Amino acid sequence: MRKSWIPGFVALLAVLVSATAWASPYDSVLGRWSKSKDFADRGDSLSISATYYSAEFIEATIQQEADRNLWTADELDRYKYQFLKTLNIEETIPVKLAFDNRGAALHMAPFGEQVWLWIGGKRYKPKDYDPRLNMRVIDKIEGLVYFPRFDEKTGKDLLKGAKSVKLEISGSISMTMRAKTAEFIWDVANDNPERLFAGRAGAKLEMDRLIRRLEKLNGERKDLEGKLDQLKVEIEKIQARMTELQKQ
């Protein structure tokens, strides 16, 4: 009788082990791309978390949501499309920042002057960021920061050939940091964002990008055609005047 509980316990243990095994692949991936730093001074404390949206992290996040909600393939594709569109992964390098403040208020505005991404020894400012990060923070806040993915002059992919990236946050945002910078480093040598754009969600995103590109080119063509018309009018005036001068 004493050992009658053993089969039930073994079965329960098997379920728990199975659940842990199911969750751990996502947890390990998500944890690999999320980092935290803690600061303390005279009873005040500040925790800063930074998440780099690598292809691996994005895929794990999407698949975890799909498994959790038992989505169909169509539902997964719709979620993936919206998720990638929000991240603007085709044009930017998104990083999510979260601040948990338990001390003097954070003064982070303008936030675009307080945070940088280092790639290949060069420092880059954000292209855009969640405007809430400009707010005076007395407790918690989080938001996305978007760094450029391509060089403005050459169009080169900044991550091509890069082994690591470093996020730097100025210590001037908080007295608790005592002027120390918060730095987060990720190994991106094996990251391949292009694989995110396979399938229907990727094709839809590419179509969106091509439509925007076509609209831009049509606008440029319209401007050039307008300038060309102006040049034609000026040329005709010059030729007419030259004809008049020749008759004198």
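Q: In this predicted model, what share of the chain's contacts between residues at least 6 apart in sequence join residues at least 24 apart?
A: Let's start with who touches whom. Take the contacts in the chain between residues at least 6 apart in sequence, and then pick out those that join residues at least 24 apart. That share comes to 66%.

Q: Is the chain more spread out or less spread out than a compact globule?
A: The chain has four helices and 11 strands. For 248 residues the globule rule gives 18 Å, but the radius of gyration here is 27 Å, well over that, so the chain is more spread out than a compact globule. Its C-alpha trace spans about 125 × 50 × 30 Å along the principal axes. So the pick, going by the radius of gyration, is: more spread out.

Q: Which strands are the edge strands of the open sheet?
A: Five strands make up this sheet, with antiparallel pairing and the order β1-β2-β3-β9-β7. An edge strand here pairs on one side only. That gives us β1 (34-41) and β7 (128-129).

Q: Which residue in β9 stands opposite Tyr129?
A: β7 pairs with β9 (residues 140-148) in the antiparallel sense, over two bridges. Look across from Tyr129 into β9 and you'll find Val145.

Q: How many charged residues are in the lining of the largest pocket?
A: This pocket has a volume of about 690 Å³, and 23 residues line it. Closest to its centre are Glu90, Glu91, Arg149, Phe150 and Arg209. Sorted by class, the lining has eight nonpolar residues and three polar ones, while the charged count is 12.

Definitions and conventions: Residues numbered from 1 in each chain as written. Predicted model: local features only at pLDDT ≥ 70, side-chain atom pairs only at ≥ 80, totals over all residues. Heavy atoms only, no water. Pairing = 2+ DSSP bridges. 1 Å grid on protein atoms, 1.4 Å probe; cavity = no way out; pocket = protein on both sides within 12 Å on 5 of 7 lines; lining within 4 Å. Points joined across faces, edges and corners; volume = space filled by probe spheres on them. Nonpolar A, V, L, I, M, F, W, Y, C, P; charged D, E, K, R; others polar. Rg over C-alpha atoms; globule rule 2.2 N^0.38 Å. Contact = heavy atoms within 4.5 Å.
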